[in-house]
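Subject: Structure for you to look at

Hello,

Here is the structure I promised to pass on. Please open it and keep it in view while you read the notes below.

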Amino acid sequence: MKVADADAMRAFGRALGNALSTQRARALVVTIRGELGAGKTTFVGGVLNALGFQGFARSPTYTLIEPYEFAGRQVFHLDLYRLADPGEVEALGLRDLLNDDAVLLIEWPERGAGLIPPADLALTIDYAAEGRVLDAAAHGQAGRELLQRLVQM
């Protein structure tokens, strides 16, 4: 999918947020890969806006985790960019976040390789001559259902 600008990235994030609002079977993990400035936090802002957050998403580059709660649904925005070693993920307590109503939106998942939960939906944002290109891959039943809802929106 081609994403022309920040508004389009935010709109795609809102579409995912709308899809997430209807799926509550268990914790969901969405990973978001892309270079610095690709639009990962802008995308997450769209997800949060669709779920009820007003304003722009706070980048968790320094805090590593920004928690949100919407109508009984917990959303955790993680940015693993500053991790020097995947082993540092253990100190974040991700296992404690994985309750049934949780959504984890993880930027820079490769920095926690092997120690973060498997992604239900893996997103990659790449630069192209005509703008940014967003690719999505679903894993497992929950991920396939989420991607199907996302494509329909």
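Strand 2 and strand 5 run parallel, and five bridges join them. Within that pairing, Val30 sits opposite Leu105 of strand 5. Keep in mind that this is a predicted model.

Strand 5 has a parallel partner in strand 4 as well. Strand 4 covers residues 73–79, and six bridges tie it to strand 5. His77 stands opposite Leu105 in strand 5. Asp79 has Glu107 of strand 5 as its bridge partner.

Is strand 5 enclosed or open? Six of its six residues are buried, so the rest of the structure largely encloses it. Look at the two faces. Ala102, Leu104 and Ile106 point one way. Val103, Leu105 and Glu107 point the other way. All of them are buried.

Strand 4 is mostly covered too, with six of its seven residues buried. It also pairs with strand 3, this time in the antiparallel sense, over six bridges. Here Phe70 stands opposite Arg73 of strand 4. Two residues lie between the strands of this hairpin, and Ala71 takes a positive phi near 45 degrees.

In soluble globular proteins, nonpolar side chains tend to be buried together. The largest nonpolar core here has 30 residues, and Leu16 and Phe43 touch the most other members. Several elements give two or more residues to this core, including helix 2 (40–51), strand 6 (121–128) and helix 4 (140–152). Which element gives the largest share? That is helix 1, with six residues.

Zoom in on Phe43. Leaving out residues up to four places away in sequence, Phe43 touches Met9, Phe12, Gly13, Leu16, Ile32, Leu123 and Leu134. Another core, of 16 residues, lies apart from the largest one. Among its members are Ala27, Leu97, Ala102 and Trp108.

Now go to helix 1, residues 6–21. Its buried residues include Met9, Phe12, Gly13, Leu16 and Leu20. Arg10 is buried as well. An α-helix has 3.6 residues a turn, so residues three or four places apart point the same way. You can check the length of this helix yourself. At 1.5 Å a residue, the 16 residues of helix 1 should span 22 Å. The end C-alpha atoms are 22 Å apart, so the two values agree. At the start of helix 1, a side-chain oxygen of Asp5 comes to within 3.2 Å of the backbone nitrogen of Asp7.

One loop residue is also worth a look. Arg58 lies in the loop between helix 2 and strand 3. Thr42 is 16 residues from Arg58 along the chain, and their C-alpha atoms are separated by 9.6 Å.

Last, confidence. The chain has a mean pLDDT of 86, and 96% of its residues reach 70 or more. Strand 5 has the highest confidence, at 94. Strand 1, residues 2–3, has the lowest, at a mean of 76. Where pLDDT is low, the predicted coordinates should not be read in detail.

Best wishes

How values were computed
Residues numbered from 1 in each chain as written. Predicted model: local features only at pLDDT ≥ 70, side-chain atom pairs only at ≥ 80, totals over all residues. Heavy atoms only, no water. Core = buried A, V, L, I, M, F, W, Y, C linked by side-chain atoms within 4.5 Å. Buried < 20%, exposed > 50% of the residue type's maximum accessible area, 1.4 Å probe, protein only. Helix = DSSP H or I, 4+ residues; strand = E, 2+ residues; numbered from the N terminus. Contact = heavy atoms within 4.5 Å. Expected span 1.5 Å × (residues − 1). Polar contact = N/O pair within 3.5 Å; in protein donor to acceptor, adjacent residues only side chain to side chain. Pairing = 2+ DSSP bridges. pLDDT = per-residue confidence, 0-100.
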